[in-house]
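Here is a short report for a reader who is new to this structure. Please look over the sequence and the model before reading on.

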Amino acid sequence: MPNNILTEESKMNDVYLSENEKIDIIEAHMEKILLTLGLDLSDPSMNETPRRVAKMYVKELFYGLSSANFPKLTFIPIDSTFTKNQMIVTKNILVQSICEHHFLPMAGVAHVAYIPTKKIIGLSKLNRVVEYFSKRPQIQEKLTHQVCECISNILDTPDVAVYFELTHFCMQFRGVKDPNSKTITSEFLGKFQSDQALKDEFYLKSSR
Ligand SMILES: [Zn+2]
């Protein structure tokens with residue numbers, strides 16, 4: 001692994017490092033962590049663990065840190081055949097993320113709604129947007145906000161509602177060790193914020 005890159009760690013981001021360079025650096029650090037814990041990396045079972053973890057971080061769990069991985073989106077312009085005031089809801093979107101405080105999983109569902117003004121989006125693309133922002137070290141509040149803001153921006157609509165209900169493994173496996181608690185966050189923009197009936201309709205549609 002090139003040492004000059006290691007000294008640049010504090011500046012690590014897309015501009016400085018390729019995906020493979022990131023994997024090389026994380027592999028070396030992971031190896032140190034495991035050796036510090038007293039593990040035997042000559043054991044065939046653990047031999048590849050540092051590289052396996054490094055690849056998993058860069059390519060799977062944290063691919064959303066790279067803007068190049070933002071999902072390809074296709075839009076459909078609204079014409080007169082659509083009513084503009086229709087609420088579009090995608091509910092029970094699978095969320096699998098990693099908490100940035102403990103690097104442990106948080107998982108659950110998200111419900112997302114918007115009222116189109118100029119265009120609509122393929123429904124599975126809302127899942128893709130949620131997935132993209134989930135694939136970063138996150139806190140639930142920030143994840144909720146990023147998804148809400150992104151949907152408003154890409155669809156050019158002020159009316160967006162986002163709801164997240166997640167179980168945090170850092171609260172189950174350590175700390176308070178509470179297996180049942182879930183954390184709920186929500187963000188409402190535009191009419192969803194000002195119109196209680198609309199907000200209620202969103203909750204009703206999401207919970208059915
Ligand atoms: Zn945590």
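## The model

This is a predicted model, in which local features need pLDDT of at least 70, side-chain atom pairs count only at pLDDT 80 or more, and totals for chains, interfaces and linings use all residues. Residues are numbered from 1 along each chain as its sequence is written.

## Overall picture

The protein has 8 helices and 7 strands. Both are DSSP runs numbered from the N terminus: helices are H or I with at least four residues, strands are E with at least two. The C-alpha atoms fill a box of roughly 65 × 40 × 30 Å, taken along the principal axes.

Of the 208 residues, 24% count as buried. A residue is buried if 20 or more other C-beta atoms lie within 10 Å of its own, exposed if 12 or fewer, and partly exposed in between; C-beta atoms are placed from the backbone. Contacts are pairs of residues whose C-beta atoms, placed from the backbone, lie within 7 Å. Among contacts with a separation of 6 or more, 68% link residues 24 or more positions apart.

## The sheet

An open sheet is formed by 5 strands, in the order β5-β2-β3-β6-β7, with mixed pairing. The edges are β5 (137–138) and β7 (183–188); each has a single partner strand, so one side of each is left without a neighbour in the sheet. Two strands pair if DSSP finds at least two bridges between them.

Strand β6 (residues 160–168) runs antiparallel to β7, and 6 bridges join them. L166 has T183 in β7 as its bridge partner.

## Helices on the sheet

Helix α5 (residues 140–155) packs on the sheet and touches β2 (88–99), β3 (105–114), β5, β6 and β7. Its direction makes about 155° with that of β6. Helix α8 (residues 196–207) also packs on the sheet, touching β2, β3, β6 and β7. The direction of α8 makes about 75° with that of β2. Axes are lines fitted to C-alpha atoms, for helices over the stretch in contact; angles run from 0 to 180 degrees between N-to-C directions.

P137 lies in strand β5. It counts as partly exposed because it has 17 C-beta neighbours inside 10 Å. Not counting residues up to four places away in sequence, P137 touches F62, I98, E100 and F103.

F188 belongs to strand β7. It is partly exposed, with 19 other C-beta atoms within 10 Å. With residues up to four places away in sequence left out, F188 touches A161, Q193 and K199.

Methods
Two residues are in contact if their C-beta atoms, placed from the backbone, lie within 7 Å.
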